[in-house]
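This report examines selected features of one protein model. Please keep the sequence and the three-dimensional view at hand while reading.

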Amino acid sequence: SFHCAAPFYDVEKRTEFSYLLEGYETPFWGSKHKDYQWSGWTRESKRTYNNLPEGMYAFHVKARNVYGEESIVASYRFRVLAPWYRTLGAYLMYVVLALVVVYFVTFVYTHNLRMQKVRLEQIVTERTRELVESGKKLELTHQLLVRHNTDLNDSIDYASRIQRVMLPKLENIKNAFPDSFVFWRPLQKVSGDFYWFAETSMEPRYAKDPHIGKGKVSIFKGIMEGKKMIAAIDCTGHGIPGAFMSMLGDAYLDQIVITEGITQPQLILQELDTLIRFALKQDEGTNADGMDMAICVVNPNQNVMEFAGAKNGIICVQAGEAKVIRGDRFGIGGAHYDEDEKLFTRHVIHIDQPTAFYLYSDGLPDQFGGEKAKKFSTKQMQVFFATHFEKNMQEQFNLLSQTVNDWIGNYEQIDDILVIGVKLQP
């Protein structure tokens, strides 16, 4: 802090001061102080500078009386020294301390390495002796492992063949939906994702009534409408556990639609949920396995498509605009809900213009890839199908396959991938 006074006695209270700290507000070298930017005139006779860095400074002050006459410039030169921890001695001490620490760490590390080397040599000697003694046992174990691995692979291959035979024939899907594709890429040889297809014709339906003639009498149950149904199902897990669930789901779907004649999508999901929970005894224990599913039922006679979803939704494209129709928040099986709480929603889409819909599991939206290792996302699928809506489904299949390959790139596939596309004309 600098306290200043000037020898002006007329109206002393109106004496003004102007300040300049050379080396702080201006460089310490160069022009004369009269060329520097002085502070404005002020009646404050005290000037304070805080936290000045080390270096040379010159404080200049001049005064002006009530008549506007300026005094000569008074100057005071001083030097601010660096704190002790930034002095040359301190830096030398840091260097010495660092060298001591490096030497100590190196000494300890080297000592530990020598001790580890001794221990490792003892372990290697002992293990070598054990390996020599157990060489024949290891060879026998290796042969057993090879045999078991071969048997396991054979079993998985057989399970894969069974699952592929269980899946609907693609030519049957093509006959029902000429402009369609099925993109199915299992993570392993067998998959927890599977697709299902059924077609019903307009015909009378009969059923045995257990209360009439001891179940030998068939009674008329009405006319079954001709409908085309297709579904994408994602079972709990993947690989062999998922494949077991897929076979269970496929069998029950056939029973619900073909045998029981249920063709409304929300009722199919409702009945499937009941059967899965009963089969897995989920009302008695803690088993939480199940499946997520999207199912579409096309009624060509009425030019409508119905959809219901258990967690999974669909992408529907009309007039080049792609909309995501989401499924309900609960899946098939799994957590327990009250009977009146777990009701699936029926969505109706009118096919009064060219319409494409896409069913999918979570394998592709959750797949990491691209330049920034992000998820593919449902949004990106929505944009993709809206962009290529005008193309036929075979072209879309080829583009989707190439896009998925490019997206995954050097990353690993993390789950089964299933995408089904169908284009309908009114």
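Which side chains meet in a salt bridge at 2.4 Å, N to O? They are the side chains of E306 and R346. The model discussed here is a predicted one.

**Salt bridges**

The pair E306 and R346 links distant parts of the chain, 40 residues apart. E306 belongs to strand β12, residues 304–310, whereas R346 lies in the loop between β15 (332–333) and β16 (347–350). The surroundings of the two partners can also be described. E306 has a relative accessibility of 4% and therefore counts as buried, since the cut-off for that class is under 20%. R346, at 40%, counts as partly exposed.

A search of the whole structure finds nine salt bridges. Three of them are set out below.

| Salt bridge | N to O distance |
|---|---|
| E306 and R346 | 2.4 Å |
| E70 and K62 | 3.9 Å |
| K375 and D366 | 4.0 Å |

In the pair of E70 and K62, E70 is partly exposed, with a relative accessible area of 48%, while K62 is buried, with a value of 16%. In the pair of K375 and D366, K375 is partly exposed at 43% relative accessibility, and D366 is likewise partly exposed at 29%. Salt bridges with shared partners also join K227, E306 and R346 into one network.

**A sheet of three strands**

V61 stands opposite A74 in β5.

**The largest pocket**

The largest pocket has a volume of about 290 Å³. It is lined by 14 residues, of which D273, T274, R277, D283 and Y337 are the closest to its centre.

Technical notes
Residues numbered from 1 in each chain as written. Predicted model: local features only at pLDDT ≥ 70, side-chain atom pairs only at ≥ 80, totals over all residues. Heavy atoms only, no water. 1 Å grid on protein atoms, 1.4 Å probe; cavity = no way out; pocket = protein on both sides within 12 Å on 5 of 7 lines; lining within 4 Å. Points joined across faces, edges and corners; volume = space filled by probe spheres on them. Pairing = 2+ DSSP bridges. Helix = DSSP H or I, 4+ residues; strand = E, 2+ residues; numbered from the N terminus. Buried < 20%, exposed > 50% of the residue type's maximum accessible area, 1.4 Å probe, protein only.
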